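Here are my notes for you on this structure, point by point. Keep the picture open while you read.

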Amino acid sequence: MNPPEVHDMPGRLIAVEGVDGSGKSTQIDLLHKWLVGMGCRVFFSEWNSSPLVMEATKKAKRRLLLTPTTFCLIHATDFADRYERQILPMLRAGYIVLCDRYVYTSYARDKARGCDPAWLREVYGFAQPPDITFWYHVPVETALDRLTKSRKEPNYFEAGMDLGLSLDLREGFRIFQDRITRNYAEMVEEFGFVTMDATLPIHHQQQAARKLIQERIDLTAYPSRIERVVHDQYGIPPPVFEEDLIDAEGEW
Amino acid sequence: MSHRTYRHTIPGIDMGELDGLLIVVEGPDSSGRSTQIWLLSRWLEQLGFAVEQMGLKRSKLVANELEQAKNGNVMSPRTMALFYATDFYDQLENRILPALRAGSVVLADRYIYTLMARDMVRGAPFEWLEPLYSMAVVPDAVYLLDTSAENILDRTLSSRGQLDYWESGMDLGLARDWYRSFMVYQQSMRGQFEPLMSRFSIERIDGDRSILDVHEDLKSRIDRVLAGYTDPRQD
């Protein structure tokens, strides 16, 4: 069931990973805009955003119906749907595909919920490993600071409240996200993560990521089919994919 | 009576406490499955057992969305497989395990084997499906109502007047006409069950007999399972 280590598809796959509040979504959003600006064929996909599955997930989360096993599987369903209908066809068609969270989110988070890591790797065994995986590493306290600055409290699942770790959201967040961070750290070598210091200023991190991408991927090989010159000349905004419009709230 | 899962363990569940019995009846639609489960349920209750029934696609979690997805027919086989797995584990954790813990006899109207066979017909490798369902509780007995495609066709047409899209495998593009597709699909489902029979100790029940003959057959087999079982609370 394992896909080949080095894929022979013309596209390239870049994923970002990290705990909530690590700033990874900001970083991949900037990478997306940069690549579009460079005139690349690029596609962006976000964890937990398949319209069909998201409805079930939202309902289940609201009513607290999920156990560690079904929490994992419902996200795996979402991933499979996006993987087979978007990510894989895009890679075959020679796109640069950007993923905000990939299977490692499950490996880190579902393991923290008690799922067997070997089982998780089998369930997600069909997924092609990315060409580059950035891990945005940040102390849990910093992540919590960032979250509370932007929207007050961590949410129920970010704080691992379903595990009953603590009655306090912030304390729950500290314990749960600390476990997840340790799980990420253990995977750095196994999956060749590029560790990013997510405490640095946003533009420093962005410069480093761009440099690394340019070293590893020949961006001229992925020209966009959109006639950019014409677009620029007439001020036509670049095409927006439906996936870009989905509210970031969809992510847990 | 102690139970175990096939391979991986379910996070947060102590398998030592499950005192009930899990009996699975497998078979395609119109194989007589529901009729037999109804008869068995009545018989077991007469004997004084608490009976709990479960089936596929009945979870609170995703059953509605699963139905929608099926109707829209837009999901890939793998996505459908994972959706069904989510539904299965939701029921396993929220219905089957509590019932077993309470000492009930759980009659399952199909289980992981039908799910696996359906996915394998659609190209999923067993090597992926086996771990996916490896946290399923090993049943105390599994019976397959093995019924010929001709008989299933006859029964379906006489009771419903038409063939079902999915039970005819129309999503697979096996044939353009429903009759041919139905026959080919039923045959390939039987074929996919073959390697599962010995691996999962599934007992074959000749489903081409009369309702009462099949019922007597199942009763005598389940009698032997019950012989090794005593509800601890009745001691």
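1. Let's start with chain B, which has eight helices and five strands. Here helices (H or I, at least four residues) and strands (E, at least two) are DSSP runs, numbered from the N terminus. Reading from that end, the order is β-α-β-α-α-β-α-α-β-α-α-β-α.

2. A word on what you're looking at: this is a predicted model, where local features need pLDDT of at least 70, side-chain atom pairs count only at pLDDT 80 or more, and totals for chains, interfaces and linings use all residues. Residues are numbered from 1 along each chain as its sequence is written, while chains are lettered from A and ligands numbered from 1 in the order in which they are written.

3. How does the radius of gyration of chain B agree with that of a compact globule? For 235 residues such a globule would come out near 18 Å, and chain B has 18 Å, so the two agree. (The radius is taken over C-alpha atoms, and the globule rule is 2.2 Å times the number of residues to the power 0.38.) The C-alpha atoms fill a box of roughly 60 × 40 × 30 Å along the principal axes.

4. Now look at where the chains meet: 27 residues of chain B are in contact with 27 residues of chain A. Contact means C-beta atoms, placed from the backbone, within 7 Å. On the chain B side, α2 (63-72), α3 (77-101) and α5 (126-132) each supply at least two residues. The biggest giver is α3(B), with nine residues.

5. Next, zoom in on helix α1 (residues 33-46) of chain B. Its 14 residues should span 20 Å at 1.5 Å a residue, and its end C-alpha atoms are 20 Å apart, so that agrees. (The expected span is 1.5 Å times one less than the number of residues.)

6. Which residues of α1(B) are buried? They are B:R33, B:Q36, B:I37, B:L40 and B:L44. They cover an arc of only 100° around the axis, so they sit on the same side of α1(B). (The arc is that of the directions from the helix axis to the C-beta atoms.) Buried means 20 or more other C-beta atoms within 10 Å of a residue's own, exposed means 12 or fewer, and partly exposed is in between, with C-beta atoms placed from the backbone.

How values were computed. Two residues are in contact if their C-beta atoms, placed from the backbone, lie within 7 Å.
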